[in-house]
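Welcome! Have a look at the sequence and the structure first.

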Amino acid sequence: SEELAPIETHGLKDYLCLPGWISQEDMPAVLQLADLFVLPSWYESCSVALLEAMASGCAVVTAGTSSSKEFHA
């Protein structure tokens, strides 16, 4: 898809895992195994996924233009 094209363009394919749909009961385990959670949304005001990643101890990278910047430690 068009939004994933930069992954190929910048040679990041071997460094990323795009798992698709993950069930809610599996999400904590997946986040605990992840090295990094990236949420580059410029519009989302408060992402539950962002909070779940932080609660799981996963490092988070997010855009600083929404309320997500209020969650940094």
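## Before we start

Two residues are in contact when heavy atoms of theirs lie within 4.5 Å. The model is predicted, so local features need pLDDT of at least 70, side-chain atom pairs count only at pLDDT 80 or more, and totals for chains, interfaces and linings use all residues. Residues are numbered from 1 along each chain as its sequence is written, and side-chain values use heavy atoms, leaving out hydrogens and water.

## The overall layout

The protein chain holds three helices and two strands. Here helices (H or I, at least four residues) and strands (E, at least two) are DSSP runs, numbered from the N terminus. Along the sequence their pattern reads α-α-β-α-β.

Of the 73 residues in the protein chain, 22% are buried. Buried means under 20% relative accessible area, exposed means over 50%, and partly exposed lies in between (1.4 Å probe, protein chains only). Among contacts with a separation of 6 or more, 29% join residues 24 or more positions apart.

## Inside: the nonpolar core

Which residues make up the largest nonpolar core? There are eight: Ile22, Met27, Leu31, Phe37, Leu39, Leu50, Ala53 and Cys58. Helix H2 (27–33), strand E1 (37–39) and helix H3 (48–55) each give at least two residues to this core. Such a core is a set of buried Ala, Val, Leu, Ile, Met, Phe, Trp, Tyr and Cys residues joined through side-chain atoms within 4.5 Å. In soluble globular proteins, nonpolar side chains tend to be buried together.

Leaving aside residues up to four places away in sequence, Leu31 touches Phe37, Glu52, Ala53, Ser56 and Cys58. Pro28 sits in helix H2 and is partly exposed, because its relative accessibility is 39%. The C-alpha atoms of Pro28 and Ala53 are 7.8 Å apart in space, although 25 residues separate the two in sequence.

Tyr15 lies in the loop between helix H1 (5–9) and H2. Is Tyr15 buried or exposed? Tyr15 counts as exposed because its relative accessibility is 68%.

## The cysteines

Cys58 is buried because its relative accessible area is 7%, whereas Cys17 counts as exposed at 65% relative accessibility. How many disulfides are there? The count is zero, where a disulfide is a pair of cysteine sulfur atoms within 2.5 Å.
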